[in-house]
Amino acid sequence: MGSISHTPKGYVSQENIEEYSRNGAVCLRGVIDLDWIERLKVGVEHTVANPTERGRLWDRDELGRESRYDSQVWLTRPEYREFITESPLAEIAGLLMESSKANFFFDAMFVRQPGTQFRTPFHQDEPYWTVEGFQTVSSWMPLVPVKKESALEMVRGSHRWNENYEQTNFGAMTGDSRDDVDFSSVDTVPFPDIEGERDRYDILSWDMEPGDVVCFNGRTIHGGSGNLPEDRELRVFNTKWLGDDVRVKFRATGMDPDHSGVMTEVGLADGDVVGTHLYPEVWSRP
Ligand SMILES: O=C(O)CCC(=O)C(=O)O
């Protein structure tokens with residue numbers, strides 16, 4: 001796959017790059033064309049009806065309202081694949097990471113039915129991943145309008161806290177042992193009680209429209225979303241991107257999503273630079 005390499009088109013300003021570095025998150029307005037959003041909605045509609053083997057029910061409340069997750073959907077449908085290889089997101093991620101290149105890592109889809117209150121537990125992404133490094137971007141992109149109080153929340157500056165926290169085991173949440181990551185087996189400190197002590201933390205979130213993207217570092221503490229009004233659903237497509245300093249890391253705790261099997265199959269081992277057709281370099285700096 002040829003990587004896009006062209007003069008940056010102005011989706012990301014120097015101020016955005018500095019804000020990303022300082023806060024570990026930035027909201028970029030109107031950077032994704034609405035044609036992409038419409039195409040992705042078609043993909044998501046299909047995936048909701050036909051979940052992949054990585055599809056999980058995160059929550060069903062007493063009124064039957066569901067929160068669902070799926071991942072690696074780019075391997076199943078052209079809408080996702082084309083978005084990942086042709087939309088401006090690879091360039092946006094590369095610039096925000098201050099990297100010479102951006103490799104696609106994986107996608108994640110989050111779908112909540114109207115009125116769902118279920119909130120994602122606060123966590124960091126990197127401790128679950130099959131890679132390690134500072135130069136990463138998760139791009140949380142709602143396909144429908146979402147109010148600040150229902151959008152994903154970030155703890156400002158937490159990407160630089162440099163603590164080994166005991167994170168949530170999502171396997172216990174989904175009841176699916178394939179998602180188990182046991183942080184109690186490693187040397188950790190208790191995870192801060194963000195939800196319980198909200199006043200103590202500087203929490204960022206934004207009212208968002210389709211076309212807006214919140215980019216955050218894999219070390220930024222984030223969670224929440226949910227809290228939806230009765231007449232509002234939420235559909236989010238997130239793509240994860242890796243930069244120069246990222247290396248493969250197989251973790252004794254387990255991983256979620258666990259890419260160690262497919263990585264090994266394509267010849268990637270602990271400490272390797274991430275590449276191959278599974279993690280394509282989609283953008284490089286001119
Ligand atoms: O949208 C959500 O509820 C969770 C999002 C999340 O944790 C992520 O994008 O890494």
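Predicted model: local features only at pLDDT ≥ 70, side-chain atom pairs only at ≥ 80, totals over all residues.
Residues are numbered from 1 along each chain as its sequence is written.

**Figure 1. Overview of the chain, with six helices and 14 strands.** Helices (H or I, at least four residues) and strands (E, at least two) are DSSP runs, numbered from the N terminus. The radius of gyration, taken over C-alpha atoms, is 18 Å, close to the 19 Å that the globule rule gives for 286 residues, so the chain is as compact as a globular protein of that length; the rule itself is 2.2 Å times the number of residues to the power 0.38. Along its principal axes, the C-alpha trace spans about 50 × 45 × 40 Å. Of the 286 residues, 42% are buried, where a buried residue has 20 or more other C-beta atoms within 10 Å of its own, an exposed one has 12 or fewer, a partly exposed one falls in between, and C-beta atoms are placed from the backbone.

**Figure 2. The largest nonpolar core, with 66 residues.** Such a core is a set of buried Ala, Val, Leu, Ile, Met, Phe, Trp, Tyr and Cys residues joined through C-beta atoms within 7 Å. The residues with the most contacts inside this core are Ile92, Ala93, Leu96 and Cys215, and its largest share, seven residues, comes from strand S4 (residues 101-112). Leaving aside residues up to four places away in sequence, Cys215 touches Ile92, Ala93 and Leu96, and among its other contacts are Tyr20, Val137 and Ser139; a contact requires C-beta atoms, placed from the backbone, within 7 Å.

**Figure 3. Helix H3 (residues 78-86) and its buried residues.** Glu79, Tyr80 and Phe83 are buried in this helix, and, seen down the axis of H3, the buried residues fall within an arc of 95 degrees, so they line one face of the helix; the arc is that of the directions from the helix axis to the C-beta atoms. These buried residues pack against helix H2 (34-49) and S4, whereas Pro78 and Glu86, on the other side of H3, are exposed.

Figure 4. Cys27 counts as buried because it has 20 C-beta neighbours inside 10 Å. Not counting residues up to four places away in sequence, Cys27 touches Trp206, Asp212 and Val214. The C-alpha atoms of Cys27 and Met141 are separated by 9.9 Å, although these residues are 114 residues apart along the chain.

Technical notes
Contact = placed C-beta atoms within 7 Å.
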